[in-house]
Amino acid sequence: MTLVAPAPLPNTAPPNARPTVLNLEPLGPRFGVRVHDVDLSNATDEQVRAIRAALAEHKLLFFASQHGLDPDRQVALGRRLGQVTESHPIVPGVDEAHPEIYALDSAEGGFADVWHTDVTFVRRPPLGSVLRAVVLPPTGGDTQWADAQLAYESLSAPVQRLADELVAVHDGTREFGYYLAQRQARTQWEGERYRALTPVQHPVVRVHPETGRKGLFVNPGFTSHIKDVSDAESRSLLDLFYAHITKPEHIVRHRWSVGDVAMWDNRSTLHYANRDYGHQRRVMHRITLRGDEPVGPSGR
């Protein structure tokens with residue numbers, strides 16, 4: 001009897017499919033993942049490229065127990081992901097050796113208990129942020145993120161069309177004006193020394209430069225008003241957008257452990273740090289990646 005070898009199984013993978021590099025646990029259908037089995041202090045080049053791609057796709061990445069990261073290695077990781085900015089346009093770095101690290105220390109007024117997108121009051125807001133938990137209170141101190149792209153996509157079509165045409169003004173004076181006025185030394189951001197906080201304009205709807213998806217690009221922390229409408233119209237429109245962005249189905253919440261790292265795409269998310277831990281201390285170290293000027297649906 002002649003034995004016939006079985007025919008090989010057909011290759012059903014897409015022609016351009018890439019091998020899976022990251023072990024991802026989705027936290028929702030389209031927003032947020034936990035990344036398992038990656039040591040960020042010793043990640044391979046292939047893992048770093050996959051993390052960078054996942055940032056645009058999933059918008060929010062969590063890495064547990066990254067105890068190998070210290071300030072030097074956190075900055076080095078950021079440089080592998082993109083160009084690292086100075087810590088903040090107004091607030092200097094954590095120390096002279098690490099001008100890139102913004103220390104959010106509750107003992108020194110380092111709170112972020114308002115919904116915001118990082119540093120939108122400059123012409124080129126950051127691409128993304130990398131946040132590391134250094135000191136945590138026994139309870140509380142969670143952070144929440146909202147998906148601004150899903151928020152836009154779940155608006156009714158007429159409201160989407162209206163939002164597409166709007167421009168908003170972003171101003172850091174309320175949060176950082178007093179701090180800037182008290183400082184003699186001037187910090188630097190992208191090579192420019194900040195002596196004043198001049199409001200900037202960004203489209204209300206931002207087109208993501210990598211994915212092409214639209215997202216709402218306004219936030220209670222830094223958006224002062226919508227341009228070319230009345231004050232009453234501006235307040236009503238922003239209230240509508242903020243209430244919609246922060247609907248529970250658009251939000252992921254993280255309970256921190258020391259050593260956890262979160263990365264988020266600053267072009268498509270907002271976040272809020274819960275201030276529910278009384279006088280206990282909470283210290284987080286953040287770096288930001290250099291971004292580009294927001295572009296709206298009209299190409300401007």
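1. The largest pocket has a lining of 34 residues. Nearest its centre lie Tyr102, Leu104, Gly110, Phe111 and Phe176. Several elements give two or more residues to this lining: strand 4 (102-105), strand 6 (143-147), helix 5 (173-182), strand 16 and strand 17 (283-289). The model is a predicted one.

2. The volume of the largest pocket is about 720 Å³. By class, its lining holds 19 nonpolar, eight polar and seven charged residues.

3. Confidence next. The protein chain has an average pLDDT of 91. A score of at least 70 is reached by 92% of the residues. Residues 1-19 have pLDDT below 50. Beyond near neighbours in sequence, that stretch makes zero contacts in the model. Where pLDDT is low, predicted coordinates should not be read in detail.

4. How many cavities of 30 Å³ or more are there? The count is one. The space in the largest cavity is about 30 Å³. Its lining consists of Thr117, Ala148, Leu216, Phe217, Val218, Asn266, Arg267, Ser268, Thr269 and Leu270. Five of these lining residues are nonpolar, four are polar and one is charged.

5. Arg267 sits in the loop between strand 15 (261-265) and strand 16 (269-273). Is Arg267 buried or exposed? Its relative accessibility is 5%, so Arg267 counts as buried; the cut-off for buried is under 20%. Arg267 is also among the residues lining the largest cavity.

6. What does the side chain of Arg267 make a polar contact with? The partner is the side chain of Glu210, at 2.8 Å. Leaving aside neighbours within four places in sequence, Arg267 is in contact with Arg52, Pro126, Leu127, Arg206, His208, Pro209, Glu210 and Phe217. Of these contacts, Phe217 is also in the lining of the largest cavity.

7. Now Val134. Val134 belongs to strand 5 (residues 128-135). Val134 counts as partly exposed because its relative accessibility is 28%; that class lies between the 20% and 50% limits.

8. Which residues is Val134 in contact with, leaving aside its neighbours within four places in sequence? They are Val258, Val283 and His285. Val283 and His285 fall within strand 17 (283-289), one of the elements that give two or more residues to the lining of the largest pocket.

9. One distance to finish. Val134 and Leu166 are 32 residues apart along the chain. Their C-alpha atoms are separated by 40 Å.

Definitions and conventions: Residues numbered from 1 in each chain as written. Predicted model: local features only at pLDDT ≥ 70, side-chain atom pairs only at ≥ 80, totals over all residues. Heavy atoms only, no water. pLDDT = per-residue confidence, 0-100. Contact = heavy atoms within 4.5 Å. Helix = DSSP H or I, 4+ residues; strand = E, 2+ residues; numbered from the N terminus. Buried < 20%, exposed > 50% of the residue type's maximum accessible area, 1.4 Å probe, protein only. Polar contact = N/O pair within 3.5 Å; in protein donor to acceptor, adjacent residues only side chain to side chain. 1 Å grid on protein atoms, 1.4 Å probe; cavity = no way out; pocket = protein on both sides within 12 Å on 5 of 7 lines; lining within 4 Å. Points joined across faces, edges and corners; volume = space filled by probe spheres on them. Nonpolar A, V, L, I, M, F, W, Y, C, P; charged D, E, K, R; others polar.
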